[in-house]
Amino acid sequence: MEETWKAVDEYFEEKLKTTDDIMDHILKETDDAGMQQIEVSKAHGKMLYLMAKMAKAKSILEIGTLGGFSTVWLARALPEDGRMATIEADPNHAEVARRNIASVELAAPVDVIEGQALDRLPKLMERGYSRFDLIFIDADKENNVEYLKWALKFSHKGSVIIVDNVVRHGRIIDDTETQAIPYIRQMFDMLEHDGRIESTAIQTVGQKGYDGFLMGVVK
Ligand code: SAH
Ligand code: DHB
Ligand code: MG
């Protein structure tokens with residue numbers, strides 16, 4: 001089955017242009033730097049871009065930058081008066097991301113903020129950020145509840161919140177899991193009782209296997 005998922009993604013790549021020279025360059029630079037290939041797939045990178053466009057986002061926050069692949073897809077959706085912040089704990093990742101982002105012509109500035117997200121998030125106000133139109137959570141899954149709480153703090157009515165890797169080959173419903181899953185489930189437990197956001201989740205297959213996104217709009 002995985003082979004078919006990959007082949008279908010390749011078909012979409014050709015027909016829908018889910019990649020281009022710039023994004024391929026970023027993938028190569030990230031790979032050459034010896035970083036794990038855990039960025040979103042090509043089709044999902046473009047999906048994030050389209051979602052940011054649909055939301056007419058002018059301000060975007062990302063938690064978990066890696067080499068800047070999803071960052072650049074999201075930033076491409078921003079208008080000239082837009083702005084994006086992305087937080088990355090690993091200094092090497094942040095450096096590669098900064099280089100990749102600098103190699104792309106973007107209408108709006110992208111601020112790569114180095115540090116642990118939970119240290120950096122409380123200081124975003126000092127950097128002049130107040131509310132974000134779209135927030136993409138894709139860092140250490142253990143802190144997803146805290147990241148979701150921060151995302152809600154930085155939201156306004158209509159803000160879009162997206163969380164990556166919420167299915168993990170179906171392990172999300174496996175009670176015996178001890179790694180990231182219990183923490184991802186805490187986030188779903190929070191959503192079950194939190195009335196501030198309307199959300200759904202989609203299961204995805206493709207180039208990167210079987211996983212999924214949580215997505216919601218703040219009420
Ligand atoms: N969003 C990227 C992939 C991110 S991978 C893309 O799709 O292109 C997850 C990233 O989160 C890694 O680079 C990792 O170093 C970073 N990370 C892990 N824990 C973190 C933390 N506590 N604070 C900030 N970044 C963190
Ligand atoms: C992992 C993290 C991700 O953000 C992802 O998209 C895939 C895998 C990981 O930590 O294994
Ligand atoms: Mg991810």
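Predicted model: local features only at pLDDT ≥ 70, side-chain atom pairs only at ≥ 80, totals over all residues.
Trainee: Why does the pair Asp138 and Asp164 tie together parts that are apart in sequence?

Mentor: Asp138 belongs to the loop between β4 (134-137) and α7 (144-153), whereas Asp164 is in strand β5 (residues 160-164), so the pair joins parts that are 26 residues apart in sequence.

Trainee: Which residues are around ligand 2?

Mentor: They are Ile38, Asp138, Lys141, Asp164, Asn165 and Arg168. By class, this shell has 4 charged residues, 1 polar and 1 nonpolar.

Trainee: What makes the pair formed by Asp138 and an oxygen atom of ligand 2 a polar contact?

Mentor: A polar contact requires N or O atoms within 3.5 Å. A polar side-chain atom of Asp138 is 2.7 Å from an oxygen atom of ligand 2, so the pair meets the limit. For Asn165, an N or O atom of the side chain is 2.8 Å from an oxygen atom of ligand 2. Ile38 uses a polar backbone atom, 3.0 Å from an oxygen atom of the ligand.

Trainee: How much of ligand 2 does the protein bury?

Mentor: Ligand 2 exposes 290 Å² when taken alone, and the protein buries 64% of that. Ligand 2 sits in the largest pocket.

Conventions: Residues numbered from 1 in each chain as written. Chains lettered and ligands numbered in written order. Heavy atoms only, no water. Near = heavy atom within 4 Å. Polar contact = N/O pair within 3.5 Å; in protein donor to acceptor, adjacent residues only side chain to side chain. Areas by Shrake-Rupley, 256 points an atom, 1.4 Å probe, with all protein chains shown as cover. 1 Å grid on protein atoms, 1.4 Å probe; cavity = no way out; pocket = protein on both sides within 12 Å on 5 of 7 lines; lining within 4 Å. Sits in = over half its atoms within 2 Å of the grid points. Nonpolar A, V, L, I, M, F, W, Y, C, P; charged D, E, K, R; others polar. Helix = DSSP H or I, 4+ residues; strand = E, 2+ residues; numbered from the N terminus.
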